[in-house]
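Visitor: I've got a model open and I'd like to learn how to read it. Could you walk me through it?

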Amino acid sequence: MPSILDHLNPQQREAVTHGRGPLLVVAGAGTGKTATLVHRVAWLIAEGTEPARILLLTFTRRAAAEMLRRADGVLREMETATGRPRSSRVVSGTFHAVATRLLRRYGKAIGLPEGFSIHDRTDSEDLMNVLRTSLDLAKTDRRFPKKGTCMNIYSRCVNSRAKLEEMLAQHYPWCKQWEAELKKLFDAYVDRKEAQAVLDYDDLLVFWHALLDDPTAGRRLGEQFDCVLVDEYQDTNRLQAEILYRLCPDGQGLTVVGDDAQSIYSFRAATVRNILELPERYPDLSVLTLEQNYRSTQPILQATNRVIGLAQERYRKELWSDRSEGERPAMVTCEDEDDQTEYVIRRVLEHRESGVDLRRQAVLFRASHHSMTLEAELSRRNIPFHKYGGLKFVETAHIKDLMAFLRLAENPLDQVAGARLLPLLPGIGPGRARSLMERLHASGGDFSVWRKWKPPEACHKRWPAMVELLAGLAKSKAALADQVHQVRTFYTPLLEENYDNAKPRARDLEQLEQIAARYRDRRTMLAEITLDPPSSTQDLAGPPRKDDDFLVLSTIHSAKGLEWDAVYVIHAADGNIPSDMATDSPEQIEEELRLFYVALTRAKNWLYVTCPLRYYHHSFGRSDIHSYAQPTRFLPQDVAERFFNRTTTDVPREEDGLDPSPGSARLSSRDIRRQTKRLW
Ligand code: ATP
Ligand code: MG
């Protein structure tokens with residue numbers, strides 16, 4: 001038996017060497033599900049499966065790359081230079097990324113035009129908005145749902161394969177009165193995308209699904225893979241499950257791993273039912289569970305087990321660890337947000353002093369804006385950090401503008417790109433933009449029709465330059481960085497006219513030009529950047545240099561599957577966790593609980609949960625208006641006792657050698673002042 005299996009426990013080994021029958025591994029956080037999948041990929045290759053016939057689906061592109069890197073490591077260990085192919089040829093990525101690749105290759109079979117463009121979520125909402133206005137739905141005296149809600153309803157229907165009527169009744173009862181109008185709107189949305197050769201995110205799955213049903217292309221596609229492996233299965237939606245069923249009709253070669261206690265994407269129509277349903281779908285399914293947690297210390301596990309114990313509905317699984325050493329996690333009450341920031345930074349630096357690099361530490365939060373103060377303070381103190389989740393670099397307006405030039409050049413029928421870019425010129429508003437796009441559409445996408453148009457005075461000089469730029473780009477064979485350079489040269493003056501803070505934005509565009517050099521061609525960059533937007537330019541700069549060290553900041557959603565030595569979960573106040581926006585139903589609150597659980601279970605050795613007691617409101621300039629917060633409801637007394645409760649002013653035990661007796665917190669003068677202030 002090759003040596004790599006020696007690292008694994010018997011259950012993991014069983015999963016790794018399982019034959020070709022369908023296999024489900026349901027197991028808790030940190031029990032080695034992902035590790036098992038990595039070893040299984042390596043095992044399959046070592047056993048002779050052609051890497052290109054393995055499909056590995058994970059939640060993020062980053063996770064896929066990391067898994068393959070690890071699989072390669074395992075392979076290297078297994079076969080010392082036998083010259084066998086490495087895992088680099090494994091087909092891997094997110095469902096959406098893999099769908100894009102397959103549709104580019106086989107889409108013709110179901111009538112997809114070759115150069116289709118992909119709309120990200122904002123583009124899709126914009127298109128929905130255009131239609132909402134043109135169908136006069138925005139004008140009715142009763143309030144019609146906003147574009148974001150329309151898009152949510154549409155997307156949920158598509159992803160969960162549920163009828164609109166049921167969907168409205170179940171999730172959007174206040175929109176039921178608009179059912180007929182929504183149908184009209186969604187029809188128009190589907191037609192418009194077709195006319196413009198556009199696919200949105202949901203379409204990628206819909207078309208992949210359809211492709212698999214096609215008698216010839218579907219069969220070819222199905223035969224392409226011998227083994228399909230899926231990580232984080234609890235967060236797949238109906239459509240993704242249906243795709244898997246088609247890829248593996250009899251379950252041969254299928255391996256999925258997941259944890260029902262970590263399902264946190266139901267707002268995107270993910271359903272934990274996918275896990276529960278597998279045994280019905282595949283009667284010969286083998287189900288394996290893993291219970292030993294290798295990630296966290298026992299004190300951390302005891303706390304996180306209590307937290308998930310609050311959940312109403314779940315598979316019971318009590319995780320254990322043989323790492324019995326270690327500190328209890330800390331629940332830290334802070335005076336306010338500044339105090340919290342101060343505390344977190346102090347702790348981070350202390351850990352770094354004692355040898356835990358910044359990159360082995362992460363600050364996690366429920367909503368992207370929760371980290372703003374911390375980001376500002378880290379920048380001020382020159383502490384490097386990297387943020388994941390939240391508003392991404394490519395979602396910023398100026399980057400989207402520049403990309404719109406490339407997109408329109410790539411697909412002149414892309415109306416959203418046109419509607420974004422044309423009104424950047426003075427004298428062109430939405431009306432003129434629309435009619436220009438109609439002309440372009442009528443000409444079959446030939447930019448020369450725009451040469452005949454007489455532009456208004458305000459842009460009579462720039463118009464011909466823009467037309468030449470686009471016409472040139474459309475047939476350009478120049479390196480992508482040069483193309484971006486041309487757009488940047490044209491666009492920079494417009495940037496100054498259209499936005500505040502033009503300087504930093506211009507710097508971002510320079511960065512983008514450098515980034516462009518990393519892509520093979522325009523289409524690849526558009527697809528990859530739109531599909532998996534990097535959170536900052538650093539993301540695209542390749543793996544960080546060895547000596548690069550940075551603190552990780554991440555939304556909890558983006559921290560899924562990852563682990564760090566020290567984890568700080570900030571803003572653990574009711575209203576933030578659970579979020580005020582997600583407390584309408586017991587199901588939503590349960591999901592928030594699982595989200596909190598996901599955050600806590602990222603910690604290997606140290607876990608800090610912080611909660612500011614007071615929030616200031618700066619909406620009217622700097623003011624002293626504030627409100628008080630309660631610690632999250634997910635830490636009731638019997639859970640909180642698994643934490644070491646402290647305030648920021650407590651001097652930690654190990655530093656002063658004193659042992660504050662539990663329950664009798666020593667009061668500092670600051671505490672006393674704070675208590676006094678709480679009287680009013
Ligand atoms: P999550 O639910 O958070 O995705 P997971 O179940 O996928 O967690 P992994 O990330 O695969 O867990 O593993 C958690 C940690 O435990 C990793 O550091 C991994 O290397 C380690 N690990 C897994 N299995 C073993 C083992 N048999 N021996 C030692 N370490 C292990
Ligand atoms: Mg995992």
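Guide: The shell around ligand 1 divides into 4 nonpolar, 10 polar and 4 charged residues. Here Ala, Val, Leu, Ile, Met, Phe, Trp, Tyr, Cys and Pro count as nonpolar, Asp, Glu, Lys and Arg as charged, and the others, Gly among them, as polar. Bear in mind that this is a predicted model: local features need pLDDT of at least 70, side-chain atom pairs count only at pLDDT 80 or more, and totals for chains, interfaces and linings use all residues. Residues are numbered from 1 along each chain as its sequence is written, chains are lettered from A and ligands numbered from 1 in the order in which they are written, and side-chain values use heavy atoms, with hydrogens and water left out.

Visitor: Which residues come nearest to ligand 1?

Guide: A residue is near a molecule if one of its heavy atoms lies within 4 Å of it. Of the 18 residues around ligand 1, the nearest are Gln12, Lys33, Thr34, Glu563 and Arg602.

Visitor: And how do I read polar contacts there?

Guide: For a ligand, look for a pair of N or O atoms within 3.5 Å; within protein, one must be able to donate a hydrogen and the other to accept it, and residues adjacent in sequence count only if both atoms are side-chain atoms. A polar side-chain atom of glutamine 12 sits 2.8 Å from a nitrogen atom of ligand 1. The side chain of arginine 602 has an N or O atom 2.7 Å from an oxygen atom of ligand 1.

Visitor: Why does ligand 1 lie between domain 1 and domain 3?

Guide: Domain bounds come from an automatic or database domain assignment. Ligand 1 lies between domain 1 (10–103 + 205–290) and domain 3 (298–390 + 546–647) because both give residues to its shell.

Visitor: Is glutamate 232 buried or exposed?

Guide: Buried means under 20% relative accessible area, exposed over 50%, partly exposed in between (1.4 Å probe, protein chains only). Glutamate 232 is buried, because its relative accessibility is 11%. Arginine 161, at 43%, is partly exposed.
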